[in-house]
Amino acid sequence: MKHLITLTEFIIDRQVEVKGATGELSRLLNDIGIAAKFVNREINKAGLADILGYEGTDNVQGEAQKKLDVYANNQFINALRAGGQCAAIASEENDEIIILDNPVSNKAKYVVAIDPLDGSSNIEANVSIGTVFSIYRRITDNGLANVSDLLQPGTKIVAAGYVIYGSSTMLVYSTGHGVNGFTLDPSVGLFILSHPDIRYPAAGNIYSVNESNYIHFPEGVKEYINYCHVDDPATKRPYITRYIGSMVADIHRNLLLGGIFLYPGTKKNPKGKLRLLYECKPIAFIAEQAGGKATDGKRRILDIHPDSVHQRSPFYAGPSYMVEKVETFLVNTSET
Ligand code: AHM
Ligand code: MG
């Protein structure tokens, strides 16, 4: 039988690639992998929520899904607290950052920004959802971490990735040396290296956008969408529309099959919907590591210095030439 490489083995084998790593990052990544397995287990039985009975729910439609958000958040926070390698966490689920105050965490080198369960509106329809995570080296000294540790530009990311809970569950991550994907074998409970060195395909023909917002999009985005519709076999157009409405799932498919993901601003919400710190930046890190590009329509996402934990940003990610094409349509406008 071929030797299978588990996530844990891989993390340890590759830890030398990270400058200054002494094992803490490996343990932190491993903790995220373990928490993801618990979350995966709960997601797999989400359809049974009403039958099995979730504590505190009254069979109200949607309540179990809300619980799953909370469950995932708690699971990741508890894993990071227990692991002791993380000093503070920014989560989509919490207004304020969580400062882990105990003697071990106070000495931890890292902080984590996480969206524990993204695309949660899709749970009740049994559609893929995901977790998005990123790890930074803290900038404060030992003691209590603070928000400045998390408000760093994406260029400071030490490791980032996502978990997709789909027809298979996969964990995809990078420490800045390429992107690798691991598929969970549920029978043995191990993430196994299944997608080594993921790169965007050279040519893509998928575009993923919530086109129902078309009328509200900036003119440049409308023009780009019109460009996607044009019949031009030489450039593989018209492109194929694929939109799940779970960013992780849309990004993952486009990474493997070749496509661009767009979440532009609109007149009503000029910054779009997605959150810079824990949705856009980790995905931008993966996109770049896979040979692609991620921008807010004008600026490289990883260069943007966040002002606040929950700030939003327009988001375009995919193969470089596809993202650059959108940018050509946005060059003469202030809207993105
Ligand atoms: P959420 O954080 O509330 O789950 O929202 C984020 C999700 C993304 O996964 C997805 O790309 C986007 O919202 C879809 O939004 P829309 O329904 O506006 O197309
Ligand atoms: Mg989210």
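Reader: Which residues of helix H5 are buried?
Author: In helix H5 (residues 219–229), the buried ones are Gly220, Val221, Lys222, Tyr224, Ile225, Tyr227 and Cys228. Buried means under 20% relative accessible area, exposed is over 50%, and partly exposed is in between, with a 1.4 Å probe and protein chains only. Helices (H or I, at least four residues) and strands (E, at least two) are DSSP runs, numbered from the N terminus.

Reader: What do the buried residues of H5 pack against?
Author: They pack against strands E9 (206–208), E11 (259–263) and E13 (315–319), and against helix H8 (320–330). Contact here means heavy atoms within 4.5 Å.

Reader: What should I know about the model itself?
Author: This is a predicted model, in which local features need pLDDT of at least 70, side-chain atom pairs count only at pLDDT 80 or more, and totals for chains, interfaces and linings use all residues. Residues are numbered from 1 along each chain as its sequence is written, chains are lettered from A and ligands numbered from 1 in the order in which they are written, and side-chain values use heavy atoms, with hydrogens and water left out.

Reader: Ok, the ligand. How many residues surround ligand 1?
Author: 15 residues surround ligand 1, and the closest are Asp118, Asn210, Tyr243, Met247 and Tyr263. A residue counts as near a molecule or strand if one of its heavy atoms lies within 4 Å of it.

Reader: What kinds of residue are in that shell?
Author: The shell around ligand 1 divides into five nonpolar, five polar and five charged residues. Ala, Val, Leu, Ile, Met, Phe, Trp, Tyr, Cys and Pro count as nonpolar, Asp, Glu, Lys and Arg as charged, and the others, Gly among them, as polar.

Reader: Which polar atoms are close to oxygen atoms of ligand 1?
Author: A polar backbone atom of Met247 is 2.6 Å from an oxygen atom of ligand 1. For Glu92, a polar side-chain atom lies 3.0 Å from a ligand oxygen, and for Glu279 the corresponding distance is 3.3 Å. A polar contact is a pair of N or O atoms within 3.5 Å; within protein, one must be able to donate a hydrogen and the other to accept it, and residues adjacent in sequence count only if both atoms are side-chain atoms.

Reader: And how much of ligand 1 does the protein bury?
Author: Ligand 1 exposes 470 Å² when taken alone, and the protein buries 79% of that. The areas come from the Shrake-Rupley method with a 1.4 Å probe; for residues, only the protein chains shown count as cover.

Reader: Where in the chain does the shell come from?
Author: Domain 1 (7–195) and domain 2 (206–330) each give at least three residues to the shell around ligand 1. Strand E3 (110–118) and E11 each supply at least two. The domain bounds come from an automatic or database domain assignment.

Reader: How many residues of each domain are in contact with the other?
Author: 46 residues of domain 1 are in contact with 30 residues of domain 2. The centres of the two domains, taken over C-alpha atoms, are separated by 24 Å.

Reader: New topic: loops. Where is Gly245?
Author: Gly245 is in the loop between strand E10 (240–241) and helix H6 (247–257). Gly245 counts as partly exposed because its relative accessibility is 33%. Leaving aside neighbours within four places in sequence, Gly245 is in contact with Gly119, Asn122 and Asp250.

Reader: What about H6, where is Asn254 and is it buried or exposed?
Author: Asn254 is in helix H6, and it counts as buried, at 1% relative accessibility. The C-alpha atoms of Asn254 and Ser208 are 8.3 Å apart, although 46 residues separate them along the chain.

Reader: Which residues have a positive phi without being glycine?
Author: Among them are Asn126, with phi of about 60°, and Lys236, with phi near 60°. Asn126 is in the loop between E3 and strand E4 (129–137), and is exposed, with a relative accessible area of 74%. Lys236 is in the loop between H5 and E10, and is partly exposed at 41%.

Reader: Which residues does a cis peptide bond join?
Author: Arg237 and Pro238, with omega of about 5°. Pro238 is in the loop between H5 and E10.
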